[in-house]
Amino acid sequence: MPITPATATHSSSNGTAEAILLELVDEDGTTIGTAEKLAAHQPPGQLHRAFSVFLFDERGRLLLQQRALGKYHSPGVWSNTCCGHPYPGEAPFAAAARRTYEELGVSPSLLAEAGTVRYNHPDPKSGLVEQEFNHFFVGMVQATLRPDPAEVGSTAFVTAAELAERHAKDSFSAWFMTVLDSARPAIRELTGDAAGW
């Protein structure tokens, strides 16, 4: 894992798991404090900073990941390439690049910030709530994936038409369509009109 000032403070030297803290924010995205990760997702949820990554191959296909079955939140569902939460004090861009590498074993060949979206999505299966101020990023991936099986159950590259078919029959994360729709202008700029996004 790349070490930054933020990640260094969240790496345990004796191998024990530390509580993961998230940045709490106000409606404008200004940091107002921290909360433990699971506590921030308990109903009704606390508004916190998050990120979502949408990576595409050279053919304009979106890389989806199926979340590992062992994850406590939204296990087994399909979602965007990578998503997560910056550590307190960690820039969203740095967190997005870090987690993409940790989960999928690749670094994007291109990654650009594409905006923010605020949402409130309860997860009916777990009872947890996503109250998030989400920074989203679009980019390209050209390297061979090496997914971490503890994080990722499966991956797939899909066209816009294939995603529509898959979304109609498979389970997706509660936040997926909200973030995808918000990212579409940047995605179209990246992939071109012919890709159909």
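A nonpolar core is a set of buried Ala, Val, Leu, Ile, Met, Phe, Trp, Tyr and Cys residues joined through side-chain atoms within 4.5 Å. The views below come from a predicted model.

**Figure 1. The largest nonpolar core.** This core has 23 residues. Those with the most contacts inside it are Phe54, Leu62, Leu64, Leu163, Phe176 and Ile187. At least two core residues come from each of strand 3 (48-56), strand 4 (62-67), strand 7 (110-122), strand 8 (129-140), strand 9 (152-158), helix 4 (160-169) and helix 5 (176-191). Helix 5 gives the largest share, 6 residues. In soluble globular proteins, nonpolar side chains tend to be buried together.

**Figure 2. Leu163 and the residues it touches.** Residues up to four places away in sequence are not counted here. Leu163 touches Leu62 and Leu64, and also Val158, Phe172, Phe176, Leu180 and Trp197.

**Figure 3. Trp175 in a loop.** Trp175 is placed in the loop between helix 4 and helix 5. Is Trp175 buried or exposed? Trp175 counts as buried because its relative accessibility is 4%, and the cut-off for buried is under 20%. Apart from neighbours within four places in sequence, Trp175 is in contact with Ser52, Arg67, His73, Ser74, Ser79, Asn80, Cys83, Tyr119, His121 and Glu130. From C-alpha to C-alpha, Trp175 and Asn134 are 9.9 Å apart in space, and they are 41 residues apart in sequence.

**Figure 4. Asp123 and Ser126.** Asp123 lies in the loop between strand 7 and strand 8. With a relative accessible area of 12%, Asp123 is buried. The side chains of Asp123 and Ser126 make a polar contact at 2.6 Å. Leaving aside neighbours within four places in sequence, Asp123 is also in contact with His73, Ser74 and Leu128.

**Figure 5. Cys82 and Cys83.** How many disulfides does a search of the whole structure find? The search finds 0. Cys82 is in no disulfide, and the nearest cysteine sulfur, that of Cys83, is 6.3 Å away. For Cys83, the closest cysteine sulfur is in Cys82, and the 6.3 Å between them is too far for a bond, because a disulfide needs sulfur atoms within 2.5 Å. Cys82 counts as buried at 0% relative accessibility, and Cys83 counts as buried at 13%.

Key. Residues are numbered from 1 along each chain as its sequence is written. This is a predicted model: local features need pLDDT of at least 70, side-chain atom pairs count only at pLDDT 80 or more; totals for chains, interfaces and linings use all residues. Side-chain values use heavy atoms; hydrogens and water are left out. Buried means under 20% relative accessible area, exposed over 50%, partly exposed in between (1.4 Å probe, protein chains only). Helices (H or I, at least four residues) and strands (E, at least two) are DSSP runs, numbered from the N terminus. Contact means heavy atoms within 4.5 Å. A polar contact is a pair of N or O atoms within 3.5 Å; within protein, one must be able to donate a hydrogen and the other to accept it, and residues adjacent in sequence count only if both atoms are side-chain atoms.
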